[in-house]
Structures are given as structure tokens and as C-alpha cells.
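This report describes selected parts of one protein model. Please look at the sequence and the structure below before reading on.

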Amino acid sequence: MSKIGIFYGSNTGYTAGVAGKLAEKLGVAATDVNDVANTEPSKLGDYDVLLLGTSTWGAGDMQDNWEDFINGAESLYLKGKKIAVFGCGDESMTDTFCSGVGKLYDRMQKTGADFIGAFNAEGYDFNESEAYKDGQTVGLILDEVNHPELSDDKIDAWVEEIKSQI
């Protein structure tokens, strides 16, 4: 069985809540759910599968705590590991919806890890997102503010997608 670690950054608690739901559905212990605000990037090396989550702020930026964490994380050699990204945004920010998730995905490309968990953006209405590439999103994107009714079904479907790829 692959050891899964969940790493997230959250200001309002939405992304932290999603991290908790993912942990519950994947059977990940609370000790393997890590807030990047108080975790060293080297801890990524302890896991086979990494679920990385961020909210989106400002002009499509990752959550503040990711800014420091990502500098160390992207310099790690993670070949042989799998990364899936997830996060929250507000679709009323139509030109940057969940772009923080796309930035996280892009920055972690340098690590040599394999990326899993591409997903759909069905149910959301936005113009642009750095998380949207080649007709799908690079991971799970959610809008807990405007469309919380979509989240549970999307989380369930994404968890099944992740399980099929690990």
C-alpha cells in the first residue's frame, strides 16, 4: 500500500476542510495531514503519494504559506513519487479561478514526480484558470463559497480517480 501524505495551505479553512475530507476517504492518518505553514518541505520525501492543496488568492496566487514552502519543495528530487493537486477558489474571480492550483502544479514539475488526478471543471463558470490545461484541470478544483453543493460528489469522484492511479 502506498503511503499518502496530504500537504495544504489554507487561510479561511476551506482548503483545510477539503484536506480533512480527502484524508478520511483515503484512510490517511491525521499525522499525515500537514499544514505547510508549520511543515518542512523535506517531509514530502516521507511519502509515496503526495496530495498538495492550496487556495487561490489575489491575482491567482497560491495561499501565502505555500510561497515559502514551494521554494524548498520544488528543489527536491521526487522521481518515483506521485503528486496530485487540489484546491479551492471563487468562480466570481473569472480570470484566475483556482489558478493557485495551476501554479502549484507548474512549480512542482521540476521534482521529477509523476502527476496524477487530472479532473473536470464541470459545474463551474469561469473564463480562465492556470489550473485548466488541455481541456481539463490539473487536479481537483472546488468553489466552497459559491457551489458547496458540488464539492462532496467531486471529492468522491476524485478520490476514486486517485485510487485507480496509485
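Strands S5 and S9 pair in the parallel sense over three bridges. Strands and helices here are DSSP runs numbered from the N terminus, with at least two residues (E) for a strand and at least four (H or I) for a helix. Two strands count as paired if DSSP finds at least two bridges between them.

The model is predicted, so local features need pLDDT of at least 70 and side-chain atom pairs count only at pLDDT 80 or more, while totals for chains, interfaces and linings use all residues. Residues are numbered from 1 along each chain as its sequence is written, and side-chain values use heavy atoms, with hydrogens and water left out.

| Pair | Sense | Bridges | Residues facing each other |
|---|---|---|---|
| S5 and S3 | parallel | seven bridges | Isoleucine 83 and leucine 50 |
| S5 and S6 | parallel | two bridges | Isoleucine 83 and phenylalanine 115 |
| S5 and S9 | parallel | three bridges | Glycine 87 and isoleucine 141 |

Six of the seven residues of S5 are buried, so S5 is largely enclosed by the rest of the structure. Buried means under 20% relative accessible area, exposed over 50%, and partly exposed in between (1.4 Å probe, protein chains only).

**Leucine 52**

Leucine 52 is found in strand S3. Its relative accessibility is 0%, so leucine 52 counts as buried. Leaving aside neighbours within four places in sequence, leucine 52 is in contact (heavy atoms within 4.5 Å) with residues including Phe7, Trp66, Ile83, Val85 and Met108.

**Helix H1**

Helix H1 covers residues 14-26. Its 13 residues reach 18 Å from the first C-alpha to the last, close to the 18 Å expected at 1.5 Å a residue. That expected span is 1.5 Å times one less than the number of residues. Which residues of H1 are buried? They are Thr15, Val18, Ala19, Leu22, Ala23 and Leu26. These residues cover an arc of only 140 degrees around the axis, which puts them on the same side of H1. The arc is taken from the directions from the helix axis to the C-beta atoms. The buried residues of H1 pack against several elements, among them strand S5 (82-88), strand S9 (140-142) and helix H4 (148-165). Just after H1, glycine 27 takes a positive phi of about 70 degrees.
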